[in-house]
Amino acid sequence: MQWPTDGPLDAVELAGFAVNPQFQGGAGRALAEACATEARSRGAAAMVLWVLEHNAGARAFYERLGWRFDGTLVDEPRVPGVHAGTAVRKARYQLAL
């Protein structure tokens with residue numbers, strides 16, 4: 001997470017969160033909870049993150065931790081040369097702190 005240097009924190013974005021499947025089941029929960037604790041301690045009212053719409057496992061994981069899909073979907077183009085194919089659809093989740 002990156003923190004602004006001044007002003008109130010309405011929400012912070014959790015970006016690039018991924019856990020190797022062999023460590024899922026505890027490490028991911030601990031990391032997500034540590035991020036929420038830090039955001040709360042810095043005065044943030046909420047956190048947001050983006051999940052691939054079709055990633056049912058990740059969506060269920062965040063929902064178990066109290067995150068809620070807020071209805072926002074975006075299509076993000078894939079970067080040429082990095083990912084082949086068309087855009088990916090992402091769903092936005094929020095967690096009230």
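**Pocket, strands and core: a chat**

Colleague: What volume does the largest pocket have?
Modeller: This is a predicted model, where local features need pLDDT of at least 70, side-chain atom pairs count only at pLDDT 80 or more, and totals for chains, interfaces and linings use all residues. Residues are numbered from 1 along each chain as its sequence is written, and side-chain values use heavy atoms, with hydrogens and water left out. A pocket here is an open set of points on a 1 Å grid over the protein atoms alone where a 1.4 Å probe fits, with protein on both sides within 12 Å along at least five of seven lines; lining residues have an atom within 4 Å of a point. Counting the space filled by probe spheres set on points joined across faces, edges and corners, the largest pocket comes to about 510 Å³.

Colleague: Which element gives the largest share of the lining of the largest pocket?
Modeller: The lining has 21 residues, and Phe17, Ala18, Asn55, Ala58 and Tyr62 lie nearest the centre. Two elements give two or more residues to it: strand E2 (46-52) and helix H2 (56-64). Helices (H or I, at least four residues) and strands (E, at least two) are DSSP runs numbered from the N terminus. The largest share, five residues, is from H2.

Colleague: Is E2 mostly covered or uncovered?
Modeller: Buried means under 20% relative accessible area with a 1.4 Å probe, protein chains only. Five of the seven residues in E2 are buried, so by that cut-off E2 is mostly covered.

Colleague: In which sense do E1 and E2 pair?
Modeller: Strands pair if DSSP finds at least two bridges between them, and strand E1 (residues 11-13) has three with E2. Ala11 stands opposite Ala46 in E2. The sense is parallel.

Colleague: What is the bridge partner of Val51 in E4?
Modeller: E2 and strand E4 (residues 88-96) run antiparallel, joined by seven bridges. In E4, the partner of Val51 is Ala91.

Colleague: Why does Val88 count as buried?
Modeller: Val88 is found in strand E4. It counts as buried because its relative accessibility is 13%.

Methods. Buried < 20%, exposed > 50% of the residue type's maximum accessible area, 1.4 Å probe, protein only.
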